[in-house]
Amino acid sequence: MLLVAPAVLLMAVFLVFPVLNAVYYVFVDFDGLDTSPPWVGLANFTELARDEQVWAAAWHNLIWIVLGTVGPLVLGLGLALLLWGVRRGSTFYRVVFFLPYVLPQVAVGVVWGWIYAPTRGWLNRGLEAIGLGGLARGWLGDPDTALYAVLGTAIWTATGFVFVIILSALRNVATELVDAAMLDGANYLQRLRYVVLPQIMPVFLMVTALTLIGGFAVFDIVFVMTGGGPANATEVLGTYAYSNAFQLSRISYGTTLALVVTALAVPVAVWLNRLQRRASLEGGGA
Amino acid sequence: MSGARRAYAPGRPGVGRTVALGLLALLTLFPVILVVSTTLKTTQDVRANPFGLFSSFSLENLETAWTVGDFDSYLLNSVLLSVPSTVIVVVLSTMAGYAFARLPFPGRTLAFYLVVFGLLVPFFAYMVPLYFQLRSMGLLDSLLGVNLVLATTQLSFGTWFMRAFFSDLPTELEQAGRMDGASEWQLFRRVMVPLVTSGMGALAVFTFLQQWNNFLVPLLYMPGGGYRPLTLGLYLFIGGRSVDIGPLAAGTLITILPVVVLYVVLQRQVTQGFLSGAVKG
């Protein structure tokens with residue numbers, strides 16, 4: 001009892017209390033100063049539904065969720081298959097590919113800003129080198145590409161995470177079955193599709209759920225790299241909630257947005273929870 | 001049969017595979033290489049050729065970041081925000097994890113729901129009201145307030161993580177301890193805790209990295225800028241009108257170097273922590 005008390009106390013004060021407050025903020029119009037803010041019922045929600053910027057931001061989140069999930073899954077699976085069974089140097093590769101996931105997002109944003117730089121940035125240089133110099137541009141400054149540029153960075157970060165989880169799942173794949181399929185004349189893709197993937201499917205689905213959830217709550221990397229600009233081209237629900245609450249003093253509205261973002265991720269979280277009962281992550285790092 | 005093995009689980013990679021892996025590793029590391037290279041260039045070289053790799057050598061960017069760029073105090077603040085909050089998380093999680101795994105106590109179910117609640121609700125959901133709560137508690141811009149908030153964001157996960165370690169211990173140990181007349185506290189402190197030090201270590205490393213990398217919590221609750229950590233310092237540096245790439249690279253290097261070193265040395269614990277931590281979403 002006494003052993004749990006300090007943890008429970010901290011959680012009550014810095015978690016439960018603010019969550020309850022958040023629920024209260026949603027139904028009032030709080031400007032940060034008013035000690036008894038006026039009750040507005042569901043006005044924050046109706047405004048949210050009519051706010052075009054919310055829909056634009058939600059659309060960006062949707063793009064983010066789709067590409068930010070598919071990208072790391074495909075790349076992470078590819079990398080894991082490439083390294084599967086390799087012994088020499090396997091620790092080195094694992095450390096390297098997982099590294100981006102461990103770095104602070106702010107630092108990641110800084111460096112990728114240089115890679116995307118309009119003049120002498122490495123992406124433009126690389127394009128010129130392969131004869132595609134015509135595509136060169138300021139990737140983060142151009143509203144047509146900014147969202148995808150930030151996404152590219154996010155994919156760079158998340159791929160290592162997917163890779164490590166899938167690689168550890170591959171360790172448990174029964175290689176006899178793969179061998180047998182090969183003797184039966186199945187080619188690489190057939191073996192992958194019918195023998196390997198079914199065996200790692202639970203883990204694969206779990207990673208999918210995890211990256212999906214990440215897509216709803218994306219904030220840091222966008223905030224650091226573009227701040228939602230240029231011309232709202234990268235505004236996601238997270239950055240929009242932040243700017244409402246902390247820059248426009250529309251505290252109740254920002255809180256409502258943040259809670260809606262959280263609520264949207266709940267069904268995925270529940271699905272994830274179901275998956276986890278079937279596949280355990282324990283020992284994944286070993 | 002040996003041919004089949006090589007196709008899917010070879011002991012030694014073929015040339016093509018080695019080349020592909022090497023190139024991909026280089027590509028993955030490129031941004032980090034770029035930071036190191038830019039940091040170590042001379043000021044003139046950065047101005048003339050900002051992103052050329054290793055085209056000159058000097059430590060002036062590090063010096064500028066350290067002295068003019070305030071990265072010395074940002075580094076100190078990062079330590080002041082990461083270390084205490086990590087200690088709080090590890091100590092309280094170990095205690096609570098033990099209680100949940102081994103002791104019956106009144107309100108246990110309710111307390112456990114609290115832990116699960118913390119695992120499910122992201123910081124994002126309550127960051128706004130927490131700002132005003134801290135303001136009225138006088139904890140904005142304070143090391144105490146921000147450390148407590150940082151600790152709380154990881155506490156649910158820590159408790160859940162440590163509980164698993166205590167659950168795995170055989171019950172005979174406890175019985176033997178009780179037979180020897182150890183008090184509950186002695187049993188916990190002298191018998192159980194020494195058996196989960198590996199778990200505590202993994203939790204400590206993981207939590208430390210999370211706190212070190214945390215950007216949003218200090219951004220929101222250090223509005224006055226008294227104790228800006230590296231992540232926030234770096235962000236303000238890019239926000240400045242004239243971005244000086246050399247010192248910015250140096251600042252980035254100072255920010256990521258402890259992370260990279262800790263990760264490379266303790267990669268097993270770090271990876272384990274991050275994989276279990278992912279459950280938090």
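Tutor: Helices are DSSP runs of H or I of at least four residues, strands are runs of E of at least two, and both are numbered from the N terminus. This is a predicted model, in which local features need pLDDT of at least 70, side-chain atom pairs count only at pLDDT 80 or more, and totals for chains, interfaces and linings use all residues. Residues are numbered from 1 along each chain as its sequence is written, while chains are lettered from A and ligands numbered from 1 in the order in which they are written.

Student: Why is Val13(A) partly exposed?

Tutor: Val13(A) lies in helix 1 (residues 5–26) of chain A. A residue is buried if 20 or more other C-beta atoms, placed from the backbone, lie within 10 Å of its own, exposed if 12 or fewer do, and partly exposed in between. Val13(A) is partly exposed because the number of other C-beta atoms within 10 Å is 16.

Student: How far apart are the C-alpha atoms of Val13(A) and Val222(A)?

Tutor: Val13(A) and Val222(A) are 209 residues apart along the chain. Their C-alpha atoms are separated by 30 Å.

Student: How many helices does chain A have?

Tutor: The C-alpha atoms of chain A fill a box of roughly 75 × 60 × 35 Å along the principal axes. Of its 286 residues, 50% are buried. The pattern along the sequence is α-α-α-α-α-α-α-α-α-α-α-α. With zero strands, the helix count of chain A is twelve.

Student: Which helix of chain B gives the most to the side of domain 1 of chain B that touches domain 2 of chain B?

Tutor: Chain B is assigned domain 1 (16–58) and domain 2 (69–280), with C-alpha centres 33 Å apart. The contact takes eight residues from domain 1 of chain B and six residues from domain 2 of chain B. On the domain 1 side, helix 2 and helix 3 (43–48) of chain B each supply at least two residues. The most, four residues, come from helix 2.

Student: How many charged residues are on the side of chain B that touches chain A?

Tutor: The contact joins 77 residues of chain B to 74 residues of chain A. The largest share of the chain B side, ten residues, comes from helix 2 (residues 15–39) of chain B. Ala, Val, Leu, Ile, Met, Phe, Trp, Tyr, Cys and Pro count as nonpolar, Asp, Glu, Lys and Arg as charged, and the others, Gly among them, as polar. The chain B side has 57 nonpolar and 16 polar residues, and its charged residues number four.

Student: How is helix 4 of chain B oriented to helix 14 of chain B, and which word describes the angle?

Tutor: Axes are lines fitted to C-alpha atoms, for helices over the stretch in contact, and angles run from 0 to 180 degrees between N-to-C directions. The axes of helix 4 (residues 60–67) and helix 14 (residues 245–265) of chain B come within 8 Å and cross at roughly 75°. Angles under 35 degrees count as roughly parallel, over 145 as roughly antiparallel, 65 to 115 as roughly perpendicular and the rest as oblique. Helix 4 of chain B is therefore, relative to helix 14 of chain B, roughly perpendicular.

Student: How many of the ten residues of helix 13 of chain B are buried?

Tutor: The buried residues of helix 13 (residues 230–239) of chain B include Leu230(B), Tyr235(B) and Phe237(B). The buried residues of this helix pack against helices of chain A and chain B, among them helix 10 (220–225) of chain A and helix 14 of chain B. Helix 13 of chain B is mostly covered, and its buried residues number seven.

How values were computed
Two residues are in contact if their C-beta atoms, placed from the backbone, lie within 7 Å. Domain bounds come from an automatic or database domain assignment.
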